[in-house]
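Visitor: I would like to learn how to read salt bridges and helix packing in a model. Please take the features one at a time.

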Amino acid sequence: MLILVSGGASSGKSAFAEELIVRSGLKERIYLATMQVWDKESERRVERHRAMRAGKGFATLERPLDLAGLPLPPGSAVLLEDLTNLTANEYFGPQGPKGALERLTVGLRQAAASPALLVAVTGELFSDGIAYDPETAQYLTCLAQLNRAAAAQAEQVFEVVCGIPIPWKGAQP
């Protein structure tokens, strides 16, 4: 089962996604980390997320690229944090933007096939009204297309606003 959780920065989407994993009752819990740590700010974000999930039984796997190449244990609960970083890593990474969307959608489809539950978190980056440079705008288009593909594939979709999960597809939380 795939659940997509979207929201803006610091909206509570990660906490809600963790709650979904914990409430699933599945004992094998995997935190699939996609962030590449480049600076002090990203180090702080990683530490904040580690503290949030402390004591909740998560094993951490770091996978900033090539989601399709990662086998996930059958019957597990996986929290993929997050599609925004994964898209940036693929789009701006060694293979570049050509084929990035295909790599990402195939990876997400394969990642959702093995575990009993995959909760994928994504960022809502599209409402700020900023006119970005062409390269960033193309990255955002790729992310938007991935988010649409993930929402179409997911059995449940939530948007978290001010810490409140709003169901858009599937059952209530």
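Visitor: With which residue does Arg 103 form a salt bridge, and how far apart are the closest N and O atoms?

Guide: Side chains of opposite charge can pair when their charged atoms come close. A salt bridge here is a side-chain nitrogen of Lys or Arg within 4 Å of a carboxyl oxygen of Asp or Glu. Arg 103 forms one with Glu 90, and the closest N and O atoms are 2.8 Å apart. The pair links distant parts of the chain, with Arg 103 in helix α4 and Glu 90 in helix α3 (residues 83-92), 13 residues apart. Helices are DSSP runs of H or I with at least four residues, and strands are runs of E with at least two, both numbered from the N terminus.

Visitor: What should I know about the model and its numbering?

Guide: This is a predicted model, in which local features need pLDDT of at least 70 and side-chain atom pairs count only at pLDDT 80 or more, while totals for chains, interfaces and linings use all residues. Residues are numbered from 1 along each chain as its sequence is written, and side-chain values use heavy atoms, with hydrogens and water left out.

Visitor: Is Glu 90 buried or exposed?

Guide: Buried means under 20% relative accessible area, exposed means over 50%, and partly exposed lies in between (1.4 Å probe, protein chains only). Glu 90 has a relative accessible area of 6%, so Glu 90 is buried.

Visitor: How many salt bridges does the structure hold?

Guide: The structure holds five. One of them joins the side chains of Lys 56 and Glu 18, at 2.9 Å from N to O. This pair also links distant parts of the chain: Lys 56 is in the loop between α2 (40-53) and β3 (58-62), and Glu 18 is in helix α1 (residues 13-23), 38 residues apart. Lys 56 is partly exposed because its relative accessibility is 28%, whereas Glu 18, at 1%, counts as buried.

Visitor: Which residue forms a salt bridge with Glu 41?

Guide: Arg 44 does, with the closest N and O atoms 3.1 Å apart. The two are three residues apart in helix α2, so about one helical turn separates Glu 41 from Arg 44. Glu 41 is partly exposed at 42% relative accessibility, and Arg 44 is exposed at 51%.

Visitor: At what angle do α4 and α5 pack?

Guide: Axes are lines fitted to C-alpha atoms, for helices over the stretch in contact, and angles run from 0 to 180 degrees between N-to-C directions. Angles under 35 degrees count as roughly parallel, over 145 as roughly antiparallel, 65 to 115 as roughly perpendicular and the rest as oblique. Helix α4 (residues 100-113) and helix α5 (residues 134-153) pack at about 25 degrees, with axes 10 Å apart. The pair is therefore roughly parallel. Contact means heavy atoms within 4.5 Å. Residues of α4 in this contact include Leu 101, Leu 104 and Leu 108, and those of α5 include Leu 146 and Ala 149.

Visitor: How do α3 and α5 cross?

Guide: Their axes come within 10 Å and cross at roughly 130 degrees. That is why α3 counts as oblique to α5. Among the residues making the contact are Thr 87 and Tyr 91 of α3, together with Tyr 139 and Leu 143 of α5.
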